[in-house]
Amino acid sequence: MNSKFFPQYLFNTDKMAEDNIRLLLKRAAKTEASLAVRAFRTCDIRAELFLELLPLSDKDAEAKLLEAKIVDEAGLAAIRTDNGDVGLNFLQILLDDGIYSPETLVELLAEFDNGPCPVSAVIEKEAGAEFEPETELFSRYVRSFVDSIDRFTGDIAIIAGAEGVNPIYALGIMPMEYNAVSQRIDGDQPFVAGVAATDEPFCGLASSYSGEDIPALNDMAVDSVSELLNVINGIYAVELARQHLEVDLEMPRSAQMPAAPQPQKLIVKVTANCGEMYLILAKEEYLPPITIF
């Protein structure tokens, strides 16, 4: 399973508190996984070999992999390119800090790989009977969403239920101070996906994607988050097209969420380095057609 979902697995199974996970993920953005860690997660090597490689320098680990005919030179080149993978860097920090011994980490990764996708597990729990027909659809989308957030902002998002978030979860409404973008994904499996956040995390998300410092809510922040959502949904549309499903993306909408009852929607909390936001999935559009800020 994709290593970038491993922090979500630790969160779901209460093996690590969310605040600690986020601190480690911030460091992971500036860490480089050893070749042993990269080879273990990208090549089909035994746990025993991984434990042998772990104490070695990258150069010695490369020689051992070549000697064992695990990879050739081209394979080694591919492994080297994974040094920017935040999920792999996260594993390295767990080892470097002694949070888990190599043997324990191997056991946890085996449990993680052999279990259900931890992102899907959150969506299945939160969807309930109300969204039972859409559960698999929404799960597939959120997996793609998390993957794209990492790809385009360099950050791994943690998904959680929105219980206790008042009034978002309890009343099904959003207060006016939440800025939101949404986009209808039309075609064979239509639904609406959107992101809502208060000013600071909204601007943080815009800054992470654009590469520009956007300290306050402005047109650039709204445009950047709208563009990011469009790109995320474009990647998702390509995934569906590969399954021979028709997909069409409408133009993104942006507005402050109106404080009035909204159509049925599934809301989950998304925590990233930029802050806390909400991913909203619905059967019908919930933002007005005109930008209101």
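Biologist: Is Glu32 buried, partly exposed or exposed?
Modeller: Glu32 counts as partly exposed, at 47% relative accessibility, where buried means under 20% relative accessible area, exposed means over 50% and partly exposed lies in between, using a 1.4 Å probe and protein chains only. This is a predicted model, in which local features need pLDDT of at least 70 and side-chain atom pairs count only at pLDDT 80 or more, while totals for chains, interfaces and linings use all residues. Residues are numbered from 1 along each chain as its sequence is written, and side-chain values use heavy atoms, with hydrogens and water left out.

Biologist: Which residue forms a salt bridge with Glu32?
Modeller: That is Arg38, with the closest N and O atoms 3.7 Å apart; a salt bridge here is a side-chain nitrogen of Lys or Arg within 4 Å of a carboxyl oxygen of Asp or Glu. Arg38 itself counts as buried, at 3% relative accessibility.

Biologist: How many salt bridges are there by that rule?
Modeller: The count comes to 14 salt bridges. Among them, Arg184 and Asp186 meet through their side chains at 3.5 Å, N to O, where Arg184 is buried with a relative accessible area of 16% and Asp186 is partly exposed at 24%.

Biologist: And what does Glu285 pair with?
Modeller: Glu285 forms a salt bridge with Arg253, the closest N and O atoms being 3.8 Å apart. This pair links distant parts of the chain, 32 residues apart, with Glu285 in the segment after strand 7 (275-282) and Arg253 in strand 5 (residues 253-256); strands are DSSP runs of E with at least two residues and helices are runs of H or I with at least four, both numbered from the N terminus.

Biologist: Which residues are linked in a network of salt bridges?
Modeller: Lys4, Asp147 and Asp150 are linked in such a network.

Biologist: Changing topic, which residues have the most contacts inside the largest nonpolar core?
Modeller: Those are Phe6, Leu94 and Tyr141, in a core of 83 residues, a nonpolar core being a set of buried Ala, Val, Leu, Ile, Met, Phe, Trp, Tyr and Cys residues joined through side-chain atoms within 4.5 Å. Helix 13 (residues 219-241) gives the most to this core, with eight residues.

Biologist: What does Leu94 touch?
Modeller: Leaving out residues up to four places away in sequence, Leu94 touches Phe6, Leu10, Met16, Leu24, Ile99, Tyr100 and Leu105, with contact meaning heavy atoms within 4.5 Å. There is also a second, separate core of twelve residues, including Val192, Ile280, Ala282 and Leu287.
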